[in-house]
Amino acid sequence: MVATTRPSPTLYRVCCNCNAPDADVKCSCLAVYYCGLACQQAHILEHKHECTHLLCKSIKKKGAVISQLQVQGCSDGVASVELMVLEQELARVHCKVCKLMMDSLQAAKYPDAETHCKQALYLHRKVEASRGTLRGAAARAAVGKLADKAAPEGLYAVMVNRGQLSGLMCKNDDALQVYQQALLEVRGDIVHASTPQLQIHLSSILSAMGQMYISQYIRQITSGAKGDKSKCTDAKALLEEALSIQRALSQDGMAADTLQILASAHGYLEMFDEARSTLKQALDLTRRCHGEEAKKWLYVTSKWPSCVKRRSRQYSNSYPYTWPSCVRHRSR
């Protein structure tokens, strides 16, 4: 029998605190390993912000506080604002848990991630609906405590996460519907007051929609059907608009990712010279952003075993691209 190069199951069990191999203590979130209880306790201050187990406990505590306040009732506007602030904080935690579960690339966690995403959307929508009902000068002064929809973990970020998650779960129609709704809302807000953060959200949505159109075309041609190249044309237009926004805001990292997707659209449209030029631009931007780290990353990925590369191809149509935590720990 010929020996294979498949790694053993313990190969990726590296302690997240001291990097010792063959760590056998797994955190309750099932994402990281430790070589012992001492290392787990030493790393808890850093890991608690990414531990889905602890974050879910935090969700239960915040939910209990909100329920108690709702039972007591909020007679004045200031108390209503405090309740809305708590609801926004709870929505941010739901959004973070959803993102962490998505990044794990474990399909078994996607239904739970979808539940957290829906809850975050519900809370953000509830806060936005309640914002306009506040009365009194004190309440209007206190409303400054509320985060904007364009905040890093605000409503638009949650909508993008929902679209990406639907794409990972092969619900392309649902993903496009979410993106189109988010696109309409962001464009409407930009008409009233354009801010850099809103422009960044707009470019993210445009880029994600372009990636989804390309994914639909890939699924068509891989299933044996004749591909609809109009999807690639639509994707190209969306990606070019996203790229112009990202360049105007000097978002080189986002622009590099968008250029890679745009190159694939050029390739499927048989615009090979444009695809080559676009990939060269993406490479230049990546080197500018990461420098020597880009070369190190290329070396690490070239040394990954074939089983990891095969696993990565299962998620090649997802955006943004994220590797499993076991690979990230190994690459360090």
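This report walks through a predicted model of one protein chain, from its overall make-up to a few single residues.

**The whole chain**

Let us start with the big picture. The protein chain holds 14 helices and two strands. It has 332 residues, and 44% of them count as buried. If you look at contacts in the chain with a separation of 6 or more, 60% of them come from residues 24 or more positions apart. The chain exposes about 17,800 Å², and carbon and sulfur atoms supply 55% of that area.

**Helix 8 and its two partners**

Now find helix 8, which covers residues 196-222. One of its partners is helix 10, made of residues 252-268. The axes of these two helices come within 10 Å and cross at roughly 30 degrees. An angle under 35 degrees counts as roughly parallel, and therefore helix 8 and helix 10 are described as roughly parallel to each other. Their crossing is left-handed.

Which residues of helix 10 does helix 8 meet? They are Met-254, Thr-258, Ile-261, Ser-264, Ala-265 and Tyr-268. On the helix 8 side, the residues taking part include Ile-200, Ser-203, Gln-211 and Tyr-217.

Helix 7 (residues 172-192) is another partner of helix 8. Here too the axes come within 10 Å, but the crossing angle is roughly 155 degrees. Angles over 145 degrees count as roughly antiparallel, so helix 7 is roughly antiparallel to helix 8. Helix 7 also passes helix 8 in a left-handed crossing.

**Single residues to look up**

Is Glu-114 buried or exposed? Glu-114 has a relative accessible area of 12%, which is under the 20% limit, so it counts as buried. Glu-114 lies in helix 4, residues 110-131. Leaving out residues up to four places away in sequence, Glu-114 touches Arg-162, Leu-165, Met-169 and Lys-171.

Gln-41 sits in helix 1, which runs over residues 37-47. Gln-41 and Asn-17 are 24 residues apart in sequence, and their C-alpha atoms are 9.4 Å apart in space.

Two loop residues are also worth a visit. Most residues other than glycine have a negative phi. Cys-170 is not a glycine, yet its phi is positive, at about 65 degrees. You will find Cys-170 in the loop between helix 6 (155-168) and helix 7. Glu-270 likewise has a positive phi, near 60 degrees. Its place is the loop between helix 10 and helix 11 (272-290).

| Residue | Relative accessible area |
|---|---|
| Gln-41 | 52% |
| Cys-170 | 55% |
| Glu-270 | 54% |

Why do these residues get that label? Exposed means over 50% relative accessible area, so Gln-41 at 52% qualifies. Cys-170, with 55%, is exposed as well, and so is Glu-270, with 54%.

Conventions. Residues are numbered from 1 along each chain as its sequence is written. This is a predicted model: local features need pLDDT of at least 70, side-chain atom pairs count only at pLDDT 80 or more; totals for chains, interfaces and linings use all residues. Side-chain values use heavy atoms; hydrogens and water are left out. Helices (H or I, at least four residues) and strands (E, at least two) are DSSP runs, numbered from the N terminus. Buried means under 20% relative accessible area, exposed over 50%, partly exposed in between (1.4 Å probe, protein chains only). Contact means heavy atoms within 4.5 Å. Accessible areas come from the Shrake-Rupley method with a 1.4 Å probe; for residues, only the protein chains shown count as cover. Axes are lines fitted to C-alpha atoms, for helices over the stretch in contact, and angles run from 0 to 180 degrees between N-to-C directions. Angles under 35 degrees count as roughly parallel, over 145 as roughly antiparallel, 65 to 115 as roughly perpendicular and the rest as oblique. A crossing is left-handed if the near helix is turned anticlockwise from the far one by less than a right angle, and right-handed if clockwise.
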